[in-house]
Amino acid sequence: MTLHDLYLLSPEVSLVGLAALVVLLDMVVPRKGVLAGVALAGLVVPLAFSLALWGTVSSEGAQQGIFGTLAVDKFALFFKFLFLAAAALVVMATTDLFDRLGHSLGEYYSLVLVSAVGMMLLAAATELISLYVALELTALPLAALAAFHRDARSTEAGLKFLLLSAISSAVLLYGMAFVFGLTGTTYLSDIAARIGSSVLRPDVPFGAFALLLGVVLMVAGFGFKIATVPFQMWVPDVYEGAPTPITAYLSVASKAAGFAVILRVFYIAFGAEALQVDWGVLFAGLAVASMTVGNLVAVAQNNIKRMLAYSTIAHAGYMLVGLAAVSAGAPGGSTLGPSGLLFYLAGYTLTNLAAFFAVIAITNKTGSEVIDSFAGMGRRSPWLALVLALSLVSLIGIPPTVGFMAKLYIFNAAVRSGLAWLVVVGVVNSVLSAYYYLRVLRVMYLAPPASSEAVPASVPLRTALVVTGAGVLFFGVLPIFLIRLAERAAQAILS
Amino acid sequence: MTPSLIALAFLAALALGGGLGVVISRNVVYAALFLLVSLGAVAGLYLLLLTEFLALVQVLIYGGAVVIVIVFALMLTRLQDFAKTRDHHQWPLGLAAALAVLGLLAATFVVFQPAVHPLQSTGIQELGNELFVRWALPFEIASLVLLVALIGALIISRADRGE
């Protein structure tokens with residue numbers, strides 16, 4: 001390890017330092033608000049390091065560090081920004097739950113931060129072993145956080161997440177073992193080179209049975225992370241039982257980390273043109289299953305957190321459309337598929353966080369997660385209801401929200417790759433999903449309120465709501481900045 | 001039949017038999033002891049592959065620490081809680097899944113025919129060098145994972161005291 005390596009790792013190292021600081025402060029600081037403030041202010045340090053690295057990468061090109069196990073490129077940095085933003089917003093949104101989470105608030109914040117470290121490493125790892133331990137570092141804090149409420153549902157959520165993430169890790173490792181057995185290396189770029197120099201059989205998908213088995217097992221392992229059908233069984237129970245800020249965190253950051261690692265592994269290790277076509281088909285199938293199952297089951301839900309859980313499964317399906325639209329399938333090796341996926345992830349992060357933050361405020365007041373308890377919110381708390389309405393509209397994909405732009409971009413990529421049928425499935429699903437999202441809107445604006453009392457929200461939560469709500473609207477009208485960023489990031493793994 | 005092949009067959013049978021014993025045994029304590037047999041046999045397999053250090057670690061950590069922790073856990077919980085472990089209705093499903101995986105693996109190896117490499121012994125010194133130089137990053141992340149596990153376990157076990 002050289003000093004340069006340390007510089008490349010500086011966002012992660014500083015974030016670990018911050019997590020340790022928050023835990024230690026918890027022992028000496030009596031006021032809980034201070035911890036949230038420290039965690040929030042401290043996030044500026046890794047952000048500053050990431051910005052500095054972005055400058056370095058812009059001027060000197062992508063960097064490889066720590067014996068080639070870690071890449072610092074625009075792709076990794078794009079996700080670092082995303083995870084830091086998500087962590088900051090989740091930290092802010094937790095302030096309304098101090099009375100329920102306050103028993104170990106320092107640990108709570110530090111686990112959120114350490115999980116973000118895992119995600120950042122996951123998006124940057126270029127070697128299978130580092131990638132696997134980063135995955136564990138992401139999942140383990142989330143399991144503890146899911147069990148943070150001291151009730152039966154929360155404990156069940158934590159246990160389910162822990163067990164299923166362990167099983168999916170085992171499946172993933174098994175797949176990695178096959179890939180390692182075939183290629184004799186764990187470095188992604190070396191895997192690509194070995195596959196490129198070996199003779200692939202045209203009659204077998206992926207050119208070799210061992211590779212087929214390895215890739216399918218790895219997809220199953222990653223499928224758990226991104227919550228796609230048929231690896232979605234844990235999602236509703238965990239989302240329902242976990243503290244709502246953690247549910248929000250799981251639904252955006254953990255999912256984004258899963259997609260980041262899939263993008264990097266598949267475009268770098270299995271990026272050969274023949275292989276791209278094969279896994280494109282695999283992801284197209286998963287996309288159809290995930291969109292359809294997620295939306296159909298969401299229709300039947302009465303609990304808002306469960307409904308949003310199925311909605312995230314459906315959205316994993318839309319995102320998989322971006323993976324199915326492989327660059328090899330498009331004329332001129334276009335980058336629309338991967339960059340569309342990155343843009344969608346960023347937009348979805350804003351949208352889903354806005355939705356969950358509104359749910360935090362409302363359920364905190366009413367004490368009920370049933371959709372009918374949202375009755376008359378349009379009159380009780382017009383601004384809160386507006387943010388929730390905006391995010392739901394964005395989840396359907398109606399302009400002028402970022403959700404519309406993201407769907408437009410990703411479906412456009414699919415059409416360019418010759419996947420018009422997949423787009424038809426996606427659009428039909430979007431229409432279907434409008435039913436259950438609009439049901440919430442109807443209850444909020446048309447049903448009579450149970451009381452006329454406004455829903456209170458702390459200043460940090462209100463700030464988080466305003467930031468995410470404004471983001472949904474802003475990037476829905478002016479998406480070009482975000483799209484450029486996503487394109488530059490996607491370029492890093494395609495070149 | 002070379003001696004190492006005979007040893008391989010013996011150890012593999014022992015590992016498999018131990019594994020079966022874990023699954024079939026109706027007494028949890030017996031299951032834990034069967035696990036010890038299986039893990040020990042795997043340590044033997046590592047020795048056959050000339051990876052002395054892995055074998056040592058396998059015996060120390062899995063054969064020693066892990067099994068002891070399991071036995072301790074059994075000692076500290078009420079054994080009658082486990083009486084129902086024998087009513088598992090999922091065993092046909094489990095058997096089918098196990099056979100399917102076996103078939104898949106066998107087919108893959110038959111079709112794929114992996115290359116045979118001559119065995120090479122890896123010394124502990126080289127291993128240490130590799131671990132702390134080339135694999136420094138995953139090693140450090142793993143230590144962070146352990147820290148997180150510690151904090152997580154603390155919170156969950158502290159839950160009783162709070163209210």
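A salt bridge is a side-chain nitrogen of Lys or Arg within 4 Å of a carboxyl oxygen of Asp or Glu. Across the interface of chain A and chain B, that rule finds zero salt bridges. The model is predicted, so local features need pLDDT of at least 70 and side-chain atom pairs count only at pLDDT 80 or more, while totals for chains, interfaces and linings use all residues. Residues are numbered from 1 along each chain as its sequence is written, chains are lettered from A in the order in which they are written, and side-chain values use heavy atoms, with hydrogens and water left out.

**The interface**

Contact here means heavy atoms within 4.5 Å. By this rule, 37 residues of chain A touch 25 residues of chain B. The two chains bury about 2,600 Å² between them, 82% of it on carbon and sulfur atoms; buried area is the accessible area (1.4 Å probe) that two parts lose on being put together, summed over both. One residue pair, both at pLDDT 80 or more, is in polar contact between the chains. A polar contact is a pair of N or O atoms within 3.5 Å; within protein, one must be able to donate a hydrogen and the other to accept it, and residues adjacent in sequence count only if both atoms are side-chain atoms.

Helices (H or I, at least four residues) and strands (E, at least two) are DSSP runs, numbered from the N terminus. On the side of chain A that touches chain B, the elements giving two or more residues are helix 2 (10-28), helix 7 (105-124), helix 8 (128-146), helix 9 (152-183) and helix 11 (209-226). Helix 8 of chain A gives the most, with nine residues.

**Salt bridges**

Over all chains, the whole structure holds eleven salt bridges. Three of them are listed here.

| Pair | Closest N to O |
|---|---|
| Glu369(A) and Arg153(A) | 3.6 Å |
| Lys160(A) and Asp237(A) | 2.6 Å |

For Glu369(A) the relative accessible area is 16%. Arg153(A), at 38%, counts as partly exposed, and Lys160(A), at 28%, is also partly exposed. A network of salt bridges links Arg153(A), Glu156(A), Lys160(A), Asp237(A), Glu240(A), Lys305(A), Arg306(A) and Glu369(A).

**The nonpolar core**

A nonpolar core is a set of buried Ala, Val, Leu, Ile, Met, Phe, Trp, Tyr and Cys residues joined through side-chain atoms within 4.5 Å. The largest one has 203 residues, and Phe79(A) and Phe270(A) have the most contacts inside it. Helix 16 (residues 336-366) of chain A supplies the largest share of this core, 19 residues. Beyond its neighbours within four places in sequence, Phe79(A) is in contact with Ala123(A), Ala256(A), Ala260(A), Leu342(A) and Leu345(A).

**Chain B**

Chain B has six helices and zero strands. Buried residues make up 18% of its 163 residues. An automatic or database domain assignment divides chain B into domain 1 (1-80) and domain 2 (123-163). The C-alpha centres of these two domains lie 24 Å apart.

Terms used: Buried < 20%, exposed > 50% of the residue type's maximum accessible area, 1.4 Å probe, protein only.
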